[in-house]
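Trainee: I would like to go through this structure with you, one question at a time. Please end each reply on the value or name I ask for.

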Amino acid sequence: MTAGSRELRVSALARIEGESALRIVLSDGQVSDVQLRIYEPPRFFEAFLRGRQHTEVSDITSRICGICPVAYQASAWQAIEAVCGAEPTEAITALRRLLYCGEWISSHALHIYLLHAPDFLGYPDVVSMARDHRAIVERGLRLKKTGNAVLEAIGGRAIHPVNTRVGGFYRAPTAAELIPLVEKLREALDDALATTAWVAGFEFPDVELDCDLLAVTRPAAYAIESGTVTSASGLTFPARNFSDHVAEHQVPHSTALHATFDGRLFLTGPLARYTISSALLSPVARQAAQTAGLRDTCRNPYRSIIVRAVETVYAITEALRIIHAYERPDPSFIPVPPAAGVGHGVSEAPRGLLYHRYEIDPAGRIESATIVPPTSQNQAAIEADLRGVAAAGLHLPDAELTAACERTIRNYDPCISCSAHFLKLTVDRR
Amino acid sequence: MADTERARPTLAVWKFASCDGCQLTLLDCEDELLDLADQVRISHFLEASSQVLPGPYDLSLVEGSITTAADSRRIREVRAQSKVLVTIGACATAGGIQALRNFGDVDEFRAAVYASPEYIETLATSTAIADHVPVDFELRGCPIDKGQLIELITAFLAGRKPNVPDTSVCTQCKRRGLTCVMVAHGTPCLGPVTHAGCGALCPAVGRGCYGCFGPMTGANLPALTRQLHECGMSDRAVDLVFSTFNAAAPGFARKDSGR
């Protein structure tokens, strides 16, 4: 070790979902290595999905992530229905979008209030934040609860919904059963607008990401449950071409695979969705974004908290719109007879694009499965951002620099549990 | 104030191989979370707080299964620091869905998922926490039920045994006044052998129970297996339905089933 060398380590990162650690090596006034280590033990979903029946897949894949199970169900339905030539009715599709809105509301409220805001206000957690800001924290919990109420009403359970299946739902709720959600969602809309104004008042470091962005898009709506893939650089392609553009490679320090988009660094998630599709937000969400000082695009990872708040507003307005126009799907599901082939599915998990691919035999048995979660797509971009933060903070004492790095990671709402195949902070100063 | 601070029992939440859904259930107690934080001192809960207070801990909630050599050492350290240790969810109580590796070839699994399998450290099995250290109580479910979690913590604070019945899903289904999906519609249902706790969520939407709370004590698997065949399920279909989140639980594992 030379006088100018040091190593910073955080062995277990807090306020993120799953297990990861950070290691940064600083040597002679330069950042020589940055590793976001995902040490979440591998769970081998893609291996044990082989041999399962096509009708079982979404119940199994939901177990990849307790925070975004609907995303893991939705991408699976889409891929399998594509193989089997089953096209769910508009009514089923609308009910799925409503369910997914519940997950966006719940997951975004969790990240904004419990995981991210404490960084801006200088608290270790939401409980200590509540000592000084009780009414604000209660507002966040109320929002989260409404998201869960939507998930429970449509999915039968907030975590790992039971009422969903390939083809649709076991039982579609009656219009009358959705009415109690309306009052909750109206209150949630006020809470989400207040949230947007609250987070807009935080202090944001002036940073801009210059990597490419990738999001699912739709022609006439902000994409959630399905769509085509679009990059900020202007490329659009269907889900089936995903692997032509996004390549995963393994790095020694992580159980997550790293990904590149056409060989380049890229990011998925709220910043990508907003930058590519902000014009398609609902008028209320667009106005909230404008009032919060967002332009048409946003590449500042700290400001992702505002984008999440705006997307929460959007998900609530969408949920209300879907409920007002609700026609109970009858039947509640369409048959999905087994067929041989390869199917692809993309949807927007709250933390980014989630791709599934399945190869199915004529009897409906899964022959191969590929799942590319948002966090493994984002890991390289997060590490690149960390490298910049570490380089700019070389003069800081270890504790401060480490805190800055941890904050950087939380900007991306990484979901490490999504280690279908999948990321530790240590800072070395040498 | 300082006295109250000392008097509050400490709570720790630990994660092993899992989806985070069971510890999220604690954060999903939106109405109770802040009051709970007045009653217990949350001393170690990485998903929710960057502040970690040293042990020992009065109550440890453990999520996830043991799948690495490092984790088999870590769970012993957790046990040593915990006065009461409760496992939460199917991963912690039975090894979880990732225990499907126990019936396969883990080296082949590793090679199927990773291009450079040599970087990946894993054990050949995914095992329940109780296989490694003594456990004081288990909460079942994939995920656990919020009501049962609150009952467990309330009982702990009151110094009594949690009221978590070890009966079948059928008992909860009957109390809800639901029509039996198997009797009325011939829909295959694992309710008769599955541990209660969810509140019969699946039959409520016309779906047969798929066993995410694992086997109840004294489940009659051979009798249910006959019934499942009567409902038209093949041997393979019966095998698959028991081979999910509690595949390695004694009771659901193939050797115990009479299949």
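Trainee: Are Arg207(B) and Asp59(A) buried or exposed?

Mentor: This is a predicted model, and the term has a cut-off: a residue counts as buried under 20% relative accessible area. By that rule Arg207(B) and Asp59(A) are both buried.

Trainee: What do the side chains of Arg207(B) and Asp59(A) form, and how far apart are the closest N and O atoms?

Mentor: A salt bridge needs a side-chain nitrogen of Lys or Arg within 4 Å of a carboxyl oxygen of Asp or Glu. Arg207(B) and Asp59(A) form a salt bridge. Arg207(B) lies in the loop between α10 (201-204) and α11 (221-230) of chain B and Asp59(A) in helix α2 of chain A, so the pair joins two chains. The closest N and O atoms are apart by 2.4 Å.

Trainee: Which residue of chain A forms a salt bridge with Asp31(B)?

Mentor: The count between chain A and chain B is six salt bridges. In the one with Asp31(B), the closest N and O atoms are 2.5 Å apart. The partner of Asp31(B) is Lys145(A).

Trainee: Which helix gives the most to the side of chain A that touches chain B?

Mentor: Several helices of chain A each supply at least two residues of that side: α1 (45-48), α2 (57-61), α4 (90-121), α5 (126-132) and α6 (134-155). The one that gives the most supplies seven residues. That helix is α6(A).

Trainee: How many residues of the side of chain A that touches chain B are charged?

Mentor: In all, 65 residues of chain A are in contact with 62 residues of chain B. On the side of chain A, 32 are nonpolar and 14 are polar. The charged ones number 19.

Trainee: What area do chain A and chain B bury between them?

Mentor: The size of an interface is often given as the accessible area lost when the parts come together. Here 60% of the buried area is on carbon and sulfur atoms. Across the interface there are also 22 residue pairs in polar contact, both residues at pLDDT 80 or more. The buried area is about 5,200 Å².

Trainee: How many residues apart in sequence are the parts tied together by Asp119(A) and Arg410(A)?

Mentor: The side chains of Asp119(A) and Arg410(A) meet in a salt bridge, 2.8 Å from N to O. Both residues are buried. Asp119(A) lies in helix α4 of chain A and Arg410(A) in helix α13 (residues 398-410), so the pair ties together parts whose separation in sequence, in residues, is 291.

Trainee: Which residue meets Arg273(A) in a salt bridge?

Mentor: Arg273(A) is one of the buried residues of α9(A), a helix with seven of its eight residues buried. Arg273(A) lies in helix α9 and the partner in strand β12 (residues 341-349), so the pair ties together parts that are 75 residues apart in sequence. The partner is Glu348(A).

Trainee: Over which residues of chain A is the pLDDT below 50?

Mentor: Chain A averages a pLDDT of 91, and 92% of the residues score at least 70. One stretch falls below 50, although beyond near neighbours in sequence it has 91 contacts in the model. That stretch is residues 419-428.

Conventions
Residues are numbered from 1 along each chain as its sequence is written. Chains are lettered from A and ligands numbered from 1 in the order in which they are written. Side-chain values use heavy atoms; hydrogens and water are left out. Contact means heavy atoms within 4.5 Å. Buried area is the accessible area (1.4 Å probe) that two parts lose on being put together, summed over both. A polar contact is a pair of N or O atoms within 3.5 Å; within protein, one must be able to donate a hydrogen and the other to accept it, and residues adjacent in sequence count only if both atoms are side-chain atoms. Helices (H or I, at least four residues) and strands (E, at least two) are DSSP runs, numbered from the N terminus. Ala, Val, Leu, Ile, Met, Phe, Trp, Tyr, Cys and Pro count as nonpolar, Asp, Glu, Lys and Arg as charged, and the others, Gly among them, as polar. pLDDT is the predictor's confidence in each residue, from 0 to 100. Buried means under 20% relative accessible area, exposed over 50%, partly exposed in between (1.4 Å probe, protein chains only).
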